[in-house]
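Open the model in your viewer and keep the selection panel at hand.

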Amino acid sequence: MKLLRAIRFDASDTQVFARAAEPDEWLVSGAGLYHGITDGELKGKLRQAFANGFLGVGSFGHSTFACVALADAGIADAMEGELARQILERYGAPDLEAARGVARDEIAFAADLCRDLAPGTLVTVSRVLDADGSVREAFRTIRPSGDADHNVRLWSDGGDDA
């Protein structure tokens, strides 16, 4: 299966979000967390997280960029457990099983989003509130070139081995 991992190109996520997801952290869309939110509530860093952030499963931080990565069933199970725990504690789900259902849906959505994308593909999200208050998401992909050597160093620190 393929899922999403956080990728950080610079420090901007640490500045625009209240909490940034950790690099390489597993991600979900997180759009369900905004159910019932109003446009008037979306201010500052919360608006930025809503508009352009994927949700980090462990940190509940946000990431602007996600990278498609291979994952096994054990990773998906661990994600489900951690996300369910976070939903129960942070959002007051009625019980752990209800939180697990939401977590499973989020992970299934991420897997479906990644299904036809090659590992290494970058994904961004853009969200808006419709007039009726529902959340609408659009995803954009940036595919790696087929001949790219992803083991090549992209920049140099000026050392002799550059």
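Helices here are DSSP runs (H or I) of at least four residues, numbered from the N terminus. The model is a predicted one.

**Stop one: two helices**

Select residues 73-91, which form helix α3, and then residues 96-114, which form helix α4. Their axes come within 8 Å and cross at roughly 125 degrees. Angles of 65 to 115 degrees count as roughly perpendicular and those over 145 as roughly antiparallel, so α3 is oblique to α4. The crossing of the two is right-handed.

**Stop two: the contact**

Now show side chains. On α3, select Ala76, Met79, Glu80, Gly81, Leu83, Ala84, Arg85, Ile87 and Leu88. On α4, the partners in the contact are Leu96, Ala99, Arg100, Val102, Ala103, Arg104, Glu106 and Ile107. Sorted by class, this contact has 11 nonpolar, 5 charged and 1 polar residues.

**Stop three: the cavity**

How many cavities of 30 Å³ or more are there? The count is 1. The largest cavity has a volume of about 40 Å³.

By class, the lining of the largest cavity divides into 6 nonpolar, 2 polar and 1 charged.

Methods
Residues numbered from 1 in each chain as written. Predicted model: local features only at pLDDT ≥ 70, side-chain atom pairs only at ≥ 80, totals over all residues. Heavy atoms only, no water. Axes fitted to C-alpha atoms, helices over the stretch in contact; angles between N-to-C directions. Parallel < 35°, antiparallel > 145°, perpendicular 65-115°, else oblique. Left-handed = near helix turned anticlockwise from the far one by under 90°. Contact = heavy atoms within 4.5 Å. Nonpolar A, V, L, I, M, F, W, Y, C, P; charged D, E, K, R; others polar. 1 Å grid on protein atoms, 1.4 Å probe; cavity = no way out; pocket = protein on both sides within 12 Å on 5 of 7 lines; lining within 4 Å. Points joined across faces, edges and corners; volume = space filled by probe spheres on them.
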